[in-house]
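Here's a quick briefing on a few strands and how they pair up. Have the model open while you read.

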Amino acid sequence: MSQTARSSRIGEPVRRKEDLRLVTGKGCFSDDVSLPRQVFAVMVRSTHAHARILDVDTRKALASPGVLAVLTGRDLLADGLKPFPHKPFTSHPADIAMVNSDGTPLFSAPQYPLALGKVRYVGEIVAMVVATTVAAAKDGAELVDIGYAELPAVTNTVAAARPDATRLWDEARSNVCLDADTGDRKGTEAGFARAAHVVRFETWVQRVTGVPMEPRAAVCEYDAVTQRYTLHAGSGGAVRLKQELAAILDVPAENVRVLMQDVGGNFGTRGFIYPEFALVAWAARRVGRPVKWTCTRQESFLSDYQGRDLAVEAELALDADGNFLAMRGSNIGNAGAHTANFSPLRKGVEIMSSIYRMPAANFRARTVLSNTMMTRPYRSAGRPEVMYVMERLIDLAARECGFDRIELRRRNLLSQAELPYTNPWGMIYDSGAYHEVMEKALKLGDWAGFAERRAEARSRGKCRGIGVANYVDTATGVPRERGEVTVHPDGRVDVVIGIVSNGQGHETSFAQLVTEWLGVPFENVRIIAGDTDIVKVGGGTHGGRGMRLASIVIWNSSRQIIEKGTRLAALLLNSEPSEIEFKDGRFLLNGTGRSIGLFEVAAAGTQLKDLPDDLRGPLAAFSDETVNVAGFPYGCHVCEVEIDPELGTVEIVRYSAVDDVGRAVNPMIVHGQIHGGIAQGVGQALLEQCFYDAATGQLLSGSFMDYAMPRADSLPFFKTEISEVPSPTHPLGMRPAGEGGTTPALGVVINAVVDALAGYGVKHVEMPATPERIWRAIREAQTPSPAAANR
Amino acid sequence: MYDFDYHRPASLDDVAAIISAHGDFKVLAGGMSLIPTLKLRLARYSGLVDLGGVESLKGITRDGNALVIGAMTPHATVATSPEVERAIPALADLARGIGDPLVRNRGTIGGSIANADPAADYPAGVLGLGATVWTNKRKIAADDFFVGLFETALRPDEIITAVSFPLAKAAGYAKLRQSASRFALVGVFVAKTARGVRVAVTGAGPSVFRFRDAEAALEKRFETSALDGIRVEADGLNSDIHASAEYRAHCVGVLTKRAVWAARSNPA
Amino acid sequence: MPVLSMTVNGKLVSAEVEGRTLLVQFLREILNLTGTHEGCDTSQCGCCTVQFNGKGVKSCTVLALGCNGGTVTTIEGLATDGKLHPMQAAFQEHHGLQCGFCTPGMIMSAVDMVNRMGNDLSDHTIREQLEGNICRCTGYHNIVKAIQAGAAAMKGS
């Protein structure tokens, strides 16, 4: 079937517009941009996790051939650059407030683009060398002589939280920069007091990193006449990057233009400005030529924002029948060296109880600083961690107290009649068919037929296990978004919006919205997002906000265009607006067969002289909305694994998922998002870890040789099904779809792994469930020791 | 990368002449390890001598009871060669599992063993089969060739020209991949040769080594059950973020059995 | 500096390059063929895959001078007469890409796979043979489907 023969409206699996350039090598990623007269920057990074900088001697580097400048923290201060505009919490009213329980203000650890006085993680930038070629800049970088006085380092989350831990910041009382008490302590204590069973689970959700395939890159030019910076760099959103860059450079926002075209993956990694973006801008002004920097993969591992890293202690109280009574515990998030972002901690703790009936809960939530790269939200920030904890607790409860794990879930899962439901933290789940979706997933995963498959696997010497996990996701993010829709008389429609695609296919799915609502050809709709001289407002792509907010502002704009167009059409057809109906791109005069097209109306608006003021000019409208409610996608995944008990290797043999997205604009894209999300969750469960050496703070997983990720042979085909229960909190019923693949994947994979090993008496395997960990779990289950559960 | 002079001679004599004229020149084979090393500035040479133009170093020939593989023969050629498949199918198996298809199109047997990466596959095959490494100066028995971590018996001006593998009565290779690099976390090559059973282990130690206790046991009875209770000591094995020495020692045991199983079911 | 000549996408090109210039740098920086990407520095990701003398290679691990006199095909040279190569068309049809950064390497690797293994590829074979290409967006599901379909479509084309 050809592209044009397909309907391109909402709900259709429309083939993507962007693919034509991407499959032919004509995409334009950050490093593909080169500017005339450009020179190159290379960063000199700290080789120590924690040290005082005694001296930075740049003389030899400056004398190296081709080197134009060597810039240090001292130069940066002299030029008046400012620290990063970190806001540890994105302000969204639907998320819970988190404050120190002793009433003290949150400690803020300022970050400058270059280290000042001290380095606090391996990879922190100490100096920048600018030269005529990359090689010359590297030669220069090798000649920058930095004197360090080494200090003890702490990287481990729990260790960093101890009162006697090495302190990163002399100004702070300890490394704990947030210590909040959340939920209801009294009610929780009461619940535990009457519990028949209490299940306990302690775990560390390890540090991972997003690894978008396109390494970061940036090139910036500075126009001395207009005093304007033009930065080409991929990120989640151009407008936010512009504002962040202006704040660091300490210039008015209008003096900065940010441009980006294709962006090779994000997953949260590109959610915030990076030091290098500010440094190339500053350097461009200093040297008077455009300055380009391209990250090597090894630098990415050191300096890309990392994710997860949460130490959890949790307890679940149940009555004799298995009804959940309460849960409590402690979550410690590891922020890294600066207080960049605490969102994952909050977005996790506020939904610890998932979509289960939980009368009371109480969690202590802390964030600690450590000698590691900063963490920020990584795909589904905070939620995969806590869904993993909840789903592990349920399986442990079933195992320890003798319940069937499906029955235990059925008993406690919220029913449709109970929705909307306010959870113990005050989060209000809007709607959903939680039971139906779980039953669908069990059917899709053929839970009933598992015993037979397990027996067959056993005959081949393999241990087969099955797991199930429900989840809910709280989608908030930056609440404000703006969209402008312009109907051009020549047949084109432009949409200007502050949400840049990082692979989600917005050029296609946003265009489908316009095609649906304005009845215009899909091919003629253009999405403009990556130029801040055109796009003035926008929160970017993150937190399940892309389609959720784009649909609202494009819907509002489209309605205004139809309304205005209707009045214009009435004038042109000598009738009244009430007599006009808009259908399939035409304004129809009721009962006459006469009509006029949208583009003709747009032409009339710009051409006719005697129109009323509000109808004259381009047929365009904008919508600037602040959406203060959260979205709650949810779903259920079922995973089956086979384990080679001799070596401990795991193979995912079946993976089934039912995800409720409210309304799927492009189901092909939604399925793709879920596939990719699952892969990243499986990666965390089985393979991935940012491995910092505890003694030295060195990153030991600093390349693809040591950071393991799923490859094609690590995964099966997925069975994914989309559920569409409209969300009452979104005008079009949509729920986000980008993160649900990942959210339950950690829990469901580990549940399946533990189930496979249940016969050996294994109760838990920590992530990543590597062959060695599985081998040890089997061995230790047979010779029990207290440490067995957490090896 | 630091810059270097690039030479691509067409004959081995010319290669030798360039090398002897310039003390710090390095020989470039497929480049799959050397080029990444240079890119990361972990090594510096004033010149590189690319063997890619020396046609005489490529090709696979049967020489009586031996299979001779030219040093510049890519892994892909070995993996798909009917000659190798007929003579020593386990060697074709091993080659099929090196790196990935794109690496196999460039990487060569000579380059692999000259580099002597402790986790590379070929050293296991070369040592396990008791092959002989031919150079432009001499012939070196596999037992004398691998000296240590990235260290061989090759002298600075010596160039590998071919590897001669004696045909085995049975041979098999089993490995567990390191999940990131996909190199062997542990790989075991077992061969029943005219001069006895040989078991070579890669990935587990600082260099490929022979598992003598297993060889003795298999010499008596070439069956997996002969290996019951035979273990390699964890002491001295590699321990890193991917696996402890203890786990590697365990894997050596399991994979030795699997290599025997593979060898029995696929005799040469 | 030595002069390098080769045929790239059917055109004879030549330029002065340093000994250390990699094929990927020659393509991207000198010929401005930016469809070939660099995603890592350890020859793992496969984003830089091109064909050299008819075989798939990782151009980040090949010296440009080592290709002197040879023939290179990049992603830009795959489509002919403005018509997508069947493998390119299959990637679009089966949604085998999201961000698109790994895609040129995936497609070049897939074409190499078909050249080596034929047109009838099982999903198991595809997954094994795709070991040298990493994607972070798709979970490989649709890439495997795309390659299967693209391989079949290449038959007789």
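Strand β9 (residues 217–223) and strand β10 (residues 228–233) of chain A pair in the antiparallel sense over six bridges; two strands count as paired if DSSP finds at least two bridges between them. Strands here are DSSP runs (E, at least two residues) and helices are H or I runs of at least four, numbered from the N terminus. This is a predicted model, where local features need pLDDT of at least 70, side-chain atom pairs count only at pLDDT 80 or more, and totals for chains, interfaces and linings use all residues. Residues are numbered from 1 along each chain as its sequence is written, while chains are lettered from A and ligands numbered from 1 in the order in which they are written.

**Around β9(A)**
- In the β10(A) pairing, A:Glu221 sits opposite A:Thr230.
- Four residues separate the two strands of this hairpin, and A:Gln227 takes a positive phi near 60°.
- β9(A) also pairs in the antiparallel sense with strand β12 (residues 291–294) of chain A, over four bridges, with A:Ala218 opposite A:Trp293.

**The four-stranded sheet**
- The order is β21-β20-β19-β25 (chain A), in an open sheet with mixed pairing.
- β21 (525–528) and β25 (619–626) of chain A are at the edges with a single partner strand each, so one side of each has no neighbour in the sheet.
- Strand β20 (residues 493–497) of chain A pairs with β21(A) in the parallel sense over four bridges, and A:Asp494 stands opposite A:Arg526.
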